[in-house]
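Please consult the sequence and the structure below while reading.

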Amino acid sequence: MGNFDKIVNLCKSRGIIFPGSDIYDGLANTWDYGPVGVELKNNIKRAWWKTFVQKSENSFGIDADIFMNSKVWDASGHTASFSDPKMDCKSCKTRHRADNLIEADSKGSVNPDTMTNEQMEAYIKEHHVCCPKCGKCDWTPIRNFNLMFSTSRGVTDEGQNLIYLRPETAQGEFVNFLNVQRSMRAKVPFGIAQIGKAFRNEVTPGNFTFRTIEFEQMEHQWFCRADESMKYYNEFKQKAYDFLLSLGFNPEHLRFHDHDKLAHYAKAACDIQYLYPIGWEELNGIHHRGDWDLSRHQEFSGKSMLYLDPYTNEKYIPNVVEYSIGADRLTLAVLCEAYDEEKLSDGETRVVMHFHPSIAPYKVAVLPLQKNLSDKAREVYKILSNYFMVSYDEAGSIGKRYRRQDEIGTPMCVTIDFDTLNDNTVTIRDRDTMEQIRLTINELVDYIIKKVAY
Ligand code: GAP
């Protein structure tokens with residue numbers, strides 16, 4: 001946990017992530033991305049889009065509305081069964097997830113995902129599992145707590161309709177299957193992707209941005225023939241893993257975890273877990289959803305979801321392989337993976353974020369050695385900011401300025417000195433090796449483009 005607390009503190013002090021509604025003492029489990037954090041998260045989202053849309057010939061992006069017709073959630077099963085098994089402690093009135101209590105009590109050796117509510121209650125009684133808050137063992141029975149946030153829509157009190165904030169972006173992709181297929185003349189197999197906000201009234205949010213009530217998802221649904229679906233399921237497992245490696249993740253910090261208990265519609269499902277400072281936790285999911293989603297939307301909307309295969313003349317409802325990852329949970333993993341405290345030869349320690357250069361918030365910092373070089377430095381800033389996010393800093397010693405950039409993971413620092421005025425050359429310092437080379441200002445843009453390419 002040591003590093004986790006340090007990362008949370010660094011995020012606040014360096015403009016990466018702030019507590020939400022900070023000046024009002026916050027609102028539990030809400031977080032605001034600051035000027036540095038928003039760049040990092042946007043770059044991660046761009047890298048994802050590039051991999052799963054731009055470079056995937058048969059995948060198409062959409063941006064569906066957060067609010068959807070409530071029948072969507074009836075069809076998807078969320079209204080009836082998107083819930084967590086919760087128990088209240090009768091003594092201190094705190095609310096807990098029964099599955100989490102069992103997992104903690106058994107130190108992971110028992111998998112509550114395979115248990116019914118009755119079996120979980122029996123385990124808790126038999127093993128004398130007590131409230132982690134007050135230590136008493138006086139529980140209410142398990143009740144299923146629906147995680148969807150609801151609100152009402154309508155201009156008059158009588159005409160109010162119950163609507164939900166979407167708990168996943170996936171349904172926007174399913175309900176647009178026909179629109180995308182027809183408008184883009186798409187042929188199965190093809191994919192629909194989107195990035196957007198999702199909301200869940202989580203029973204146990206926490207661990208910084210790991211589990212929150214508002215978060216962003218990056219989801220991709222691959223529509224395919226049933227007889228090819230397992231092949232694509234395995235391909236997406238690999239693609240999801242390769243994407244993480246491309247962002248600089250150490251393979252030793254990643255592992256696959258196959259689900260023992262499958263959702264009623266799923267044929268296969270697995271997570272990729274990341275070794276967060278809090279332990280191994282789910283980072284993303286790959287789910288073989290069969291033809292459940294499109295069949296249910298056909299049933300509830302009355303619109304045919306049959307696809308006519310132009311090659312075989314067969315009519316069928318495609319299967320779906322889903323890949324889903326939280327943008328915030330991935331950003332948190334990237335922060336944990338990048339964080340490093342490095343002992344230097346002079347005995348000092350520097351904190352450095354080793355972000356992959358392509359997702360680093362700022363690509364380059366422009367630092368005049370002295371304030372009277374600022375005109376020339378601003379000229380360089382102006383050139384570079386046409387291409388990259390550039391940080392300009394002339395306050396404090398050059399050593400302190402390097403440290404500040406290390407802490408936000410800026411891959412390169414360009415220093416303007418008195419030689420720059422004579423020969424138009426600058427020094428570029430590499431964040432990771434701290435080595436410096438000299439280049440002309442004309443060479444800078446191409447040099448940096450190559451270094452930060454994704
Ligand atoms: N459409 C499938 C789906 O939503 P999920 O496993 O519930 O599947 C997918 O969520 C991903 O969304 C998770 O792997 C995680 O990265 C992210 N996620 C889910 N709930 C979250 C929460 N409360 N806070 C942050 N991220 C969350």
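H2 crosses H9 in a right-handed manner, a term used where the near helix is turned clockwise from the far one, by less than a right angle. The model is a predicted one, in which local features need pLDDT of at least 70 and side-chain atom pairs count only at pLDDT 80 or more, whereas totals for chains, interfaces and linings use all residues. Residues are numbered from 1 along each chain as its sequence is written, and side-chain values use heavy atoms, with hydrogens and water left out.

Helices (H or I, at least four residues) and strands (E, at least two) are DSSP runs numbered from the N terminus. Helix H2 spans residues 35-54 and helix H9 spans residues 229-246; they pack at an angle of about 145 degrees, with their axes 11 Å apart. Such axes are lines fitted to C-alpha atoms over the stretch in contact, and the angles run from 0 to 180 degrees between N-to-C directions. On the H2 side the contact (heavy atoms within 4.5 Å) involves Ile-44, Ala-47, Trp-48, Thr-51 and Phe-52, and on the H9 side Phe-236, Lys-239 and Phe-243. Six of these residues are nonpolar, one is polar and one is charged. In this classification Ala, Val, Leu, Ile, Met, Phe, Trp, Tyr, Cys and Pro are nonpolar, Asp, Glu, Lys and Arg are charged, and the others, Gly among them, are polar.

Helix H12 (residues 374-384) packs with helix H15 (residues 441-452) at an angle of about 40 degrees, their axes being 10 Å apart. This crossing is right-handed. Lys-376, Val-380, Ile-383 and Leu-384 of H12 meet Ile-441, Leu-444, Val-445 and Ile-448 of H15. The contact comprises seven nonpolar residues, no polar ones and one charged.

The ligand has 21 residues around it, of which Glu-168, Glu-202, Thr-212, Glu-219 and Glu-282 come nearest; a residue is counted if one of its heavy atoms lies within 4 Å. This shell divides into five nonpolar, seven polar and nine charged residues. Strands S10 (214-224), S13 (279-290) and S16 (319-326) each supply at least two of its residues, and S13 gives the most, with six. The table lists polar contacts, which are pairs of N or O atoms within 3.5 Å.

| Protein atom | Ligand atom | Distance |
|---|---|---|
| Arg-200, polar side-chain atom | oxygen | 2.8 Å |
| Leu-283, backbone N or O atom | oxygen | 2.8 Å |
| Glu-322, polar side-chain atom | nitrogen | 2.8 Å |

The protein covers 91% of the 550 Å² of accessible area (Shrake-Rupley method, 1.4 Å probe) that the ligand has on its own.

Two backbone features remain. Most residues other than glycine have a negative phi, and most peptide bonds are trans. Val-188 and Pro-189 are joined by a cis peptide bond, with omega about 5 degrees; Pro-189 lies in the loop between helix H8 (177-183) and strand S9 (190-199). Asn-207 has a positive phi, near 60 degrees, and is found in the loop between S9 and S10.

Note on methods
Polar contact = N/O pair within 3.5 Å; in protein donor to acceptor, adjacent residues only side chain to side chain.
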